[in-house]
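Please keep the structure in view while reading.

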Amino acid sequence: SNFSSFTCIYIEVLCVQIKCFHEIITIGYSVYHSYHLPWFRTLSWYFLLCVNYFFYGETVTDYFFTLVQREEPLRILSKYHRFISFALYLTGFCMFVLSLVKKHYRLQFYMFGWTHVTLLIVVTQSHLIIHNLFEGMIWFIVPISCVICNDIMAYMFGFFFGRTPLIKLSPKKTWEGFIGGFFATIVFGILLSYVMAGVRYFVCPVEFNNDSNSFQVDCEPSDLFQLQDYALPSILESVTGWTTVRLYPFQIHSIALSTFASIVGPFGGFFASGFKRAFKIKDFANTIPGHGGIMDRFDCQYLMATFVNVYIASFIRGPNPTKVIQQLLALRVDQQLHIFNSLKAHLTEKGLLPALEEAAA
């Protein structure tokens with residue numbers, strides 16, 4: 001079913017996140033030769049667990065509010081979620097302080113910082129990927145595909161036409177590859193968006209349906225995914241002979257996603273290259289023979305996830321009436337009545353409801 005494929009992606013994101021965390025933390029161990037540090041491995045994984053508990057709990061409460069309100073244990077967990085998360089984190093913090101050993105102070109603080117920065121990079125990003133996924137599968141697939149396409153096309157253009165080096169950190173990257181990849185990714189993004197925007201399965205967000213008591217991925221597609229006519233600029237009109245063109249508005253947004261994937265996305269890769277140089281390693285791990293670790297494959301994806309999340313929040317997502325209603329229904333009856341009366345007075349004042357006197361007459 002639709003929901004089971006969402007669950008699979010959810011679990012995949014979690015597995016990739018855990019593997020990336022493992023790879024970066026392992027580099028920390030090997031760099032600082034810190035195998036003899038007391039408690040350190042246990043604490044690193046404990047912090048990973050705490051941060052995941054916090055983020056995933058927030059997501060579930062946010063998106064499945066009605067389900068959480070109905071189940072008593074979930075309701076209590078959700079009400080005190082932040083307090084429980086903080087208590088768990090504090091436990092880890094105190095365990096760290098208690099584990100400090102005189103001859104390793106500095107090393108232990110290095111590793112404490114290392115763990116936290118890794119958590120910031122890996123867990124926060126994967127949490128944002130999950131958020132994008134809840135907005136609709138298309139917000140997950142198009143950005144990821146754009147990054148992959150850019151990687152491949154930049155390599156192809158660089159291989160055949162590459163002459164001018166782009167950046168010292170990655171000697172094999174060329175300007176020709178960078179520019180060729182940019183144009184190829186824009187075209188790819190527009191085409192892929194056109195194919196996916198017409199399919200409900202890809203564009204509808206995951207929602208919990210109270211009536212059927214199940215999760216569903218079905219909706220009336222929003223305006224973003226309805227074909228519309230756009231007037232062409234006069235230069236393009238003279239070339240193509242068309243005056244208008246039919247597009248999904250999402251295709252125009254896809255240009256922004258492709259542009260980011262081609263121009264800023266590679267900097268995630270350069271950052272990872274710099275990081276590997278700093279610690280004199282070739283790859284993050286050797287999970288995939290010939291390709292290094294999972295982190296080597298996902299270095300550009302992490303920046304992309306943050307961008308998509310910020311983009312949706314800034315330019316796409318408006319107020320959600322369903323969420324407001326759900327929160328209103330969770331209030332006490334007197335609070336609900338107060339809101340009802342305030343809203344009624346406000347609408348009457350605006351002239352959208354007949355005046356109260358007329359209604360009484």
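Helices and strands are DSSP runs, numbered from the N terminus; a helix is a run of H or I with at least four residues, and a strand is a run of E with at least two. The model is predicted.

**Largest pocket**
- The largest pocket holds about 1400 Å³ of space.
- Its lining counts 39 residues, and those closest to the centre are Asp151, Ser170, Lys172, Lys173 and Arg297.
- Two or more lining residues come from each of helix 7, strand 2 (170-174), helix 8 (175-197), helix 12 and helix 13.
- Helix 7 contributes the most to this lining, with nine residues.
- By class, the lining of the largest pocket has 17 nonpolar, eleven polar and eleven charged residues.

**Second largest pocket**
- The volume of the second largest pocket is about 900 Å³.
- Its lining is made of 32 residues, and Glu135, Pro205, Glu207, Asn320 and Thr322 lie nearest the centre.
- At least two lining residues come from each of helix 2 (40-63), helix 6, strand 3 (207-209) and helix 14.
- Helix 14 provides the largest share of this lining, six residues.
- The lining of the second largest pocket divides into 16 nonpolar, ten polar and six charged residues.
- This pocket lies between domain 1 (138-318) and domain 2 (320-353), because both domains give residues to its lining.

**Cavity**
- One cavity of 30 Å³ or more is counted, and the largest cavity contains about 80 Å³ of space.
- Ile129, Asn132, Trp139, Phe140, Pro143, Ile144, Gln301, Met304, Ala305 and Val308 line the largest cavity.
- Helix 6 (105-134), helix 7 (138-161) and helix 13 (294-316) each give at least two residues to that lining.
- The cavity lining has eight nonpolar and two polar residues, with no charged residues.

**Salt bridges**
- Side chains of opposite charge can pair when their charged atoms come close.
- Nine salt bridges are found in the whole structure.
- One of them joins the side chains of Arg317 and Glu135, at 3.0 Å from N to O.
- Arg317 sits in the loop between helix 13 and helix 14 (321-329), and Glu135 in the loop between helix 6 and helix 7, so this pair ties together parts that are 182 residues apart in sequence.
- Arg317 is partly exposed, at 39% relative accessible area, whereas Glu135 counts as buried because its value of 19% is under 20%.
- Asp296 and Lys276 meet through their side chains in a salt bridge of 2.6 Å, N to O.
- Asp296 is in helix 13 and Lys276 in helix 12 (residues 265-278), so this pair links parts that are 20 residues apart in sequence.
- Asp296 is buried, with a relative accessible area of 5%, and Lys276 counts as buried at 12%.
- Arg332 pairs with Asp334 in a salt bridge, with the closest N and O atoms 3.2 Å apart.
- Arg332 is exposed, with a relative accessible area of 52%, while Asp334 counts as partly exposed at 46%.

**A buried serine**
- Ser126 is in helix 6.
- Ser126 is buried, with a relative accessible area of 1%.
- Leaving aside residues up to four places away in sequence, Ser126 touches Val13, Gln17, Tyr56 and Tyr302.

Definitions and conventions: Residues numbered from 1 in each chain as written. Predicted model: local features only at pLDDT ≥ 70, side-chain atom pairs only at ≥ 80, totals over all residues. Heavy atoms only, no water. 1 Å grid on protein atoms, 1.4 Å probe; cavity = no way out; pocket = protein on both sides within 12 Å on 5 of 7 lines; lining within 4 Å. Points joined across faces, edges and corners; volume = space filled by probe spheres on them. Nonpolar A, V, L, I, M, F, W, Y, C, P; charged D, E, K, R; others polar. Buried < 20%, exposed > 50% of the residue type's maximum accessible area, 1.4 Å probe, protein only. Contact = heavy atoms within 4.5 Å. Salt bridge = Lys/Arg side-chain N within 4 Å of Asp/Glu carboxyl O. Domains from an automatic or database assignment.
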